[in-house]
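Open the model in your viewer and keep the selection tool at hand.

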Amino acid sequence: MMDKAAIAGALREMGTMMQIKGENPFKIRAFETGAQAIDDLEDDLGVLVDEGRLTQVRGIGAALAARIAELHLTGRCAALEEMRRELPAGFPDLMQVPDLGPKKIAALHKALGIQGVADLKLACQEGRVRAVKGFGEKTERKILDGITRFEDRDERLLLSQALPIGDQLIQHLRASPLVLRAEIAGSLRRGQETIGDIDIVVAMRGEQGRSELPELPELIDHLQRFPSCSHVVRREAEGWLMRLSSGVSVDLWVVGLPAFATALHGMTGSSAHLLRLRDHARERGLTVLPAETEEELYRQLGLAYIPPELREDQGEVEAARDGTLPRDLIALGDIQGMVHCHTTYSDGKNSIEEMALAADALGMRYLTLTDHSQAAFYASGVKPDRLKAQWDEIARVQEKVKVKLLRGTESDILVDGALDYPDEILEQMDVVIASIHSRMKMDEETMTRRLVTAMRHPLFKIWGHALGRLLQQRPPFACRVEEVLDAIATSRAAIEINGDPHRLDMEPRWLREARKRGIRFVISTDAHSVADLQNLPYGVATARRGWVRRGEVLNALPVDAFLQAVRPGNRASG
């Protein structure tokens, strides 16, 4: 079954293709309206489909409801597949060129036979585009600039964008009777914060007991039925490139079942990790034979099993050899409480009750309600005179849910390093997250002094989204990180591993430095909505990349122990 995001994307793709084909504009608008309706849908899509109630959703008529139901139930749409066959394979890339809309693509295709970005670039360079009616020299230059931006674009996906695509592809592949096994590999399996392309290893069904592969046309046909598949091309003996209509590239490595574990291992580790293993094997005269599992491969090398997230050549091979590799890395199932959650009291989208019910449904033992403090006027920070109303509401909601509700704040770290709110208010909180949201362009010396002052504050606090980075948007601010870590190691503080997929802060190298100093962590969702509670796996993946162990994560503790560890006014904690 396709999820809402994939269905909305498929509807928009159909609308765009209809524009290129010059179809009825009212029909085209209906697909965009339907896509938006699916994006905004709060009800369970599966229930609406099963009960035939899609047409009750504003913006969805009977014809569109049939397309949506087909996509949801089968993962494909015959009309979409027919459109893709009718249009050249290079059209999805053309649709990503800035300032080049469907109408222009259609006109250029009709006039010049343009079928892809390479065709269009050559036509611009040769001055043929300006001769097409409605274009001209200025438009031609603008299109060529757009092509340059398209070619120079950062094609890397956030982990949160790549993982759902990878999961959907895996489910699609496993639905084929030809496929025995299919697993995600590469940087996505290692949990990196951004992904260049998606690697998948597939074990095909061969003749009985044989490792040779059968002919692949049936597998290619199956791949092309994936809803957002643009085209599939062969790259080398065992490699296939699948291009999605969104521009995402998927590398598929197809092997026989006996070679699956070896291929999965070889396609997962970073190049540096694999080279380190090769050198390790050569130094000891070892030969690795085909194995049924990755664990067996590492055993042949005389090494403890190295989890995928650690395969970066950051000392993991030596640790696996010496018996010092952590065997109790934090796992998703270890987390007992959701930390760092916002509500409508500041800039959250959901109420206290809605957040609490969602945490309850996820089986969490506790939920920290940490809205922005008063200085965060840009985020509707909670002024002191509203705190009592918030705490009263927390008490009322607590009577309706099992999850323990903890009252707290995300306190701004002010310019001088002081925490927002006076100490007598902070001491009444269950948890204080201390974060920087303003004046991020301070010089290194001033920012370091600001953070050290905050971390040495006598009340226990959690350093929130530590270095303020936003992936692909804003770099970390300047400070001497090791000096701040030294201050934390001798004070009453912990570090947040922020699960917001746009942050994933701190990065793994600093987590490893913090671990050396005995600093503890919380893994947060930084949730501003019920949906954001799903950020937890991204925080856990980042923690694992930093070698963080279960016993080092405070919200892996039961609620009473967590409170004992983090309560600001508890002078014995820390």
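Start with the sheet: seven strands form an open sheet in the order 8-9-10-11-12-13-14, with parallel pairing. Strands pair here if DSSP finds at least two bridges between them; helices (H or I, at least four residues) and strands (E, at least two) are DSSP runs, numbered from the N terminus. This is a predicted model, in which local features need pLDDT of at least 70 and side-chain atom pairs count only at pLDDT 80 or more, while totals for chains, interfaces and linings use all residues. Residues are numbered from 1 along each chain as its sequence is written, and side-chain values use heavy atoms, with hydrogens and water left out.

Now select residues 366-372 and 404-412: strand 9 and strand 10 run parallel and are joined by seven bridges. Which residue of strand 10 is the bridge partner of His-372? The partner is Glu-410.

Finally, select residues 4-20 and 62-74. Helix 1 and helix 4 pack there at an angle of about 130°, their axes 10 Å apart. Axes are lines fitted to C-alpha atoms, for helices over the stretch in contact, and angles run from 0 to 180 degrees between N-to-C directions. Show Ile-7, Ala-10, Leu-11 and Met-14 of helix 1 with Leu-64, Arg-67, Ile-68, Leu-71 and His-72 of helix 4: these make the contact (heavy atoms within 4.5 Å).
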